[in-house]
Amino acid sequence: MLRLASYDIVFQEIPGEATLALNLSGCPNRCPGCHSPHLQQELGEALDDELLSGLLDVYGSAVTCVCFMGGDGDPAEVERLARQVRLQSAGTWKTGWYSGKEQFPPNLSPNAFDYVKLGSYQKGLGGLDSVHTNQRLYRITEGRWKNITELLQRRP
């Protein structure tokens, strides 16, 4: 079960998208230097179909994308909820997933997502905005993965 710790509308996580970022708790990755260590705990309410649908009803007209921030403890549920987003929006909202894993789970379909971030946070390398990061943000179109990390990086 996924738990929703918080949510916000953000403009920097997915390039060119107004994104409803759903911060999921229970992160199993335990990255040293994690910028959101409170999300390692199990906190917040269960993110079920009813809660997700309600958030989409309220914020759907203000966003173009819904991004699951975490959820590595139950990736199959992240995929299922991403498909629900697509169904509820009739395909008009894009979906994203920020995972701290190094690889996309082989038992999931990347076609449930338009964007996927992969990679653990490594403090010395920085996040997606750093040119030194190990993390990668991909745009998925018709099963093809395109690395778009550079769109988020600040150049010196």
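How do α1 and α2 lie relative to each other: parallel, perpendicular or oblique?

## The helix pair

They're oblique, and here's why: α1 (residues 49–59) and α2 (residues 75–88) pack at an angle of about 40°, while angles under 35 degrees count as roughly parallel, over 145 as roughly antiparallel, 65 to 115 as roughly perpendicular and the rest as oblique. Their axes sit 11 Å apart; an axis is a line fitted to C-alpha atoms, for helices over the stretch in contact, and angles run from 0 to 180 degrees between N-to-C directions. The crossing of α1 past α2 is right-handed, meaning the near helix is turned clockwise from the far one by less than a right angle. Helices (H or I, at least four residues) and strands (E, at least two) are DSSP runs, numbered from the N terminus.

## What you're looking at

This is a predicted model, where local features need pLDDT of at least 70 and side-chain atom pairs count only at pLDDT 80 or more, but totals for chains, interfaces and linings use all residues. Residues are numbered from 1 along each chain as its sequence is written, and side-chain values use heavy atoms, with hydrogens and water left out.

## The sheet

There's an open sheet of 8 strands with mixed pairing, in the order β3-β1-β2-β4-β5-β6-β7-β8. The edges are β3 (45–46) and β8 (144–147), each pairing on one side only. Two strands pair if DSSP finds at least two bridges between them.

Inside the sheet, β4 (residues 65–69) and β5 (residues 94–98) run parallel, joined by 5 bridges, and M69 stands opposite Y98. β7 and β8 make a hairpin with 2 residues between them, and E142 in the turn has a positive phi of about 50°.

## The largest pocket

M69 and Y98 turn up again here: along with E13, H35 and K117, they lie nearest the centre of the largest pocket, which has 30 lining residues. β1 (3–10) and β2 (19–24) are the elements giving two or more residues to that lining, and β2 gives the most, with 3. On a 1 Å grid over the protein atoms alone, a pocket is an open set of points where a 1.4 Å probe fits, with protein on both sides within 12 Å along at least five of seven lines; lining residues have an atom within 4 Å of a point.
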